[in-house]
Amino acid sequence: MSVINSIFNLLRFNRRNWKPVVLCVFAATIFWFFNALNKKYTTNISFPLSFDYVEEDYVAIHPLPRSVRINVTGPGWDLFRRSLGLKVPPLVIPLERPSEIRKIVGSTLPPLFANQLERFEINFVLSDTLRIALEPKGTRWISLALDSPNILFRKGYAITSNATISPDSIFIEGPWKLVMALSEPVYLKLPQRNIDENFSEDVEVKFVNEDLIRRDPPTVAVQFNVDPLTVIKDSITLKIINLPKGARPSLGVRQLPCTLAIPQRFLKSYNHDSVNAVVDLKSFSKGVKRVLPVIQGLPPYSRVLSVDSIVVKF
């Protein structure tokens, strides 16, 4: 029992001397830690990567690899510092012909990194393959236009002026093949819906793979007038043009019913007598043919909602 009591007395916590005990334990831990870091160890570490090429002349189609994982042997302190990323310079991979390199096999990297990791012994590279996707940079000016047919107006409204785009062209920069493959003009698509008033907004210029293309400027100002449409039902005169010599066609009707949508601001300029349903017989041969007349003489930005076809025979 005396031995057991002695042990308990030794381990019994003394509130008067707890600080020296804690300091001793802390000092011992620090001594052990630094002593351990002076030894050599083998471990896997991710090293940051940097690629050496003329960045002004190339564009990365996909993000370049940011790190490579290597199995190394070295001093514990250096391994600890590397694992924490404290002031660790990246490993540099030079690219002499950036656009021709598509991949770098991991097993080819140790000789390249040997001089960059002087305090480490490279055992092997864990990263199997580094994928590289760099393309020569291309630049050009490209013109813009408004995708008018696909503007989403409120029912009964329509555009009633030419659209102005400012500026009407922009400077773009990106992968050469992608930049040069763009056809002109680039059509601007409006995200707004149910437009029922004059439009004046900044519109973003968008491309396929737009994350690879730098635009200057990225947005342009678009303006155009919008008016309500007035629906008119009328019968208009048929007019034949390019009638073959000696032909006496039979049309069956002289007046053709149709339904028109005319912008409110141009309603006063609508003149029944100046509007015709034109039938062009330039390429027509003898026989019977059903033809859809073309309505001419309408005010600007008017629409033909419905018109009947006619049968022509001679």
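This report describes strand pairing, salt bridges and aromatic pairs in a predicted model.

## Basis of the report

Residues are numbered from 1 along each chain as its sequence is written, and side-chain values use heavy atoms, with hydrogens and water left out. Because the model is predicted, local features need pLDDT of at least 70 and side-chain atom pairs count only at pLDDT 80 or more, while totals for chains, interfaces and linings use all residues.

## Strand β16 and its partners

Helices (H or I, at least four residues) and strands (E, at least two) are DSSP runs, numbered from the N terminus. Two strands pair if DSSP finds at least two bridges between them. Strand β16 covers residues 226–241, and strand β9 (residues 157–159) pairs with β16 in the antiparallel sense over three bridges. Here Ala158 stands opposite Asp227 of β16.

Strand β17 (residues 255–263) is also antiparallel to β16, with nine bridges between the two. In this pairing Val231 faces Ala261 of β17. Strand β18 (residues 276–280) runs parallel to β16, and five bridges join them. Asn276 in β18 is the bridge partner of Thr237.

## Salt bridges

Side chains of opposite charge can pair when their charged atoms come close. A salt bridge here is a side-chain nitrogen of Lys or Arg within 4 Å of a carboxyl oxygen of Asp or Glu. By this rule there are nine salt bridges. One of them joins Arg97 and Glu100, at 3.0 Å from N to O. For accessibility, buried means under 20% relative accessible area, exposed over 50%, and partly exposed in between (1.4 Å probe, protein chains only). Glu100 counts as exposed because its relative accessibility is 56%.

Glu135 and Arg102 form a salt bridge at 3.0 Å, N to O. This pair links distant parts of the chain, 33 residues apart: Glu135 is in strand β8 (residues 134–146), and Arg102 is in the loop between β4 (91–94) and β5 (103–105). Glu135 has a relative accessible area of 17%, so Glu135 is buried; Arg102, at 40%, counts as partly exposed. Asp147 and Lys189 meet in another salt bridge, at 2.9 Å, N to O. Asp147 lies in the loop between β8 and β9, and Lys189 in the loop between β12 (186–188) and β13 (199–204), so the pair ties together parts that are 42 residues apart in sequence. Asp147 is buried at 11% relative accessibility, whereas Lys189 is exposed at 58%.

## Aromatic pairs

Rings of Phe, Tyr and Trp (its six-membered ring) pair if their centres lie within 6.5 Å; planes under 30 degrees apart count as stacked, over 60 as edge-to-face and the rest as tilted. The structure holds six aromatic pairs. Among them is the edge-to-face pair of Phe47 and Phe120, with 6.3 Å from centre to centre and 80° between the planes. Phe47 lies in strand β1 (residues 40–52) and Phe120 in the loop between α4 (110–113) and β6 (121–125), so this pair ties together parts that are 73 residues apart in sequence. Both Phe47 and Phe120 are buried.

The ring centres of Tyr53 and Tyr58 are 6.3 Å apart and their planes are at 80°, so this pair is edge-to-face. Tyr53 is buried, with a relative accessible area of 16%, and Tyr58 is partly exposed, at 22%. Phe153, Phe199 and Phe224 form one aromatic cluster.
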